[in-house]
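Hi everyone, thanks for coming.

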Amino acid sequence: MIDHAHDLASVHEATERLLTAVAVLETASVTEPSRLPGWTRGHVLAHLARNADALVNVLEGRPMYTSHETRDADIERDAPRPLDVQLTDLRDSAARFQEAGAAPADWARTVELRGGVTDSASRVPFRRWIEVELHHVDLGIGHELEDLPEEFTQREIVFLTERFTGHPDVPPTHLTDGTRAWSTGRRETSAPEVTVAGPTSDLLGWLCGRRDGSGLTTVTGGPPPVLPPL
């Protein structure tokens, strides 16, 4: 059972960690490259702010973005802004998201996200939590996958293995951190299953495209399967 109120609180805590970390950066660092190809840190911060507003749209029954082109243009427009402007926008947009999340609502209803993806409204706060935590890492300012809350890491691994389950380009794959186990990929019983093992931070990094899997081991002796982009 998804507890959207718990996740909203977790989003708030993650956002405060992010704001605190960004506030001590040098102003010029906003224009420096992030860990995402082609994006500066300003792009990441702009995306986080616009994503908060986009998820407000989702919760209030409007299209998440008016178009893919508008989404990209808004990020490009906002990326070069000074650090203080980025911080204010990120803080204000986060507050708007929290306000929308606190409004009385039917959390069991189905909502539509980007690209026609649908989900339960109750999962929207967790989706925002994903954005804040992973993009904090993407900024490349000292916050690593190993620093993420354990609850988040475990839940995001489940979320991503579910996302790749049944994907035709992912072989049947078993994941384990030595204590817990997950399965993902195609459901073909005739195909050989690959077992990928390692710390949860490396499993998450591989699943979400932040690490190449070099910190993991497989029973086949080869590298972990190449996953399609999210």
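One term to begin: a crossing is left-handed if the near helix is turned anticlockwise from the far one by less than a right angle, and right-handed if clockwise. This is a predicted model, with pLDDT of at least 70 needed for local features and 80 or more for side-chain atom pairs, while totals for chains, interfaces and linings use all residues. Numbering starts from 1 along each chain as written, and side-chain values use heavy atoms, without hydrogens or water.

The crossing of helix 5 and helix 6 is left-handed (helices are DSSP runs of H or I, at least four residues, and strands of E, at least two, numbered from the N terminus).

Who touches whom? Among the contact residues are Trp129 and Glu133 of helix 5, and Phe152 and Arg155 of helix 6 (heavy atoms within 4.5 Å).

Now helix 1, residues 4-23, packs with helix 4, residues 83-102, at about 175 degrees, axes 11 Å apart. This pair is therefore roughly antiparallel. Leu8 and His12 of helix 1 take part, as do Phe97 and Gln98 of helix 4, among others.

Finally, strand 3 (173-176) runs antiparallel to strand 4 (181-184), joined by four bridges (pairing takes at least two DSSP bridges). His174 sits opposite Ser183 in strand 4. Strand 3 also pairs with strand 5 (194-197), in the parallel sense, over four bridges, and there His174 has Thr195 as its bridge partner.

Technical notes: Axes fitted to C-alpha atoms, helices over the stretch in contact; angles between N-to-C directions. Parallel < 35°, antiparallel > 145°, perpendicular 65-115°, else oblique.
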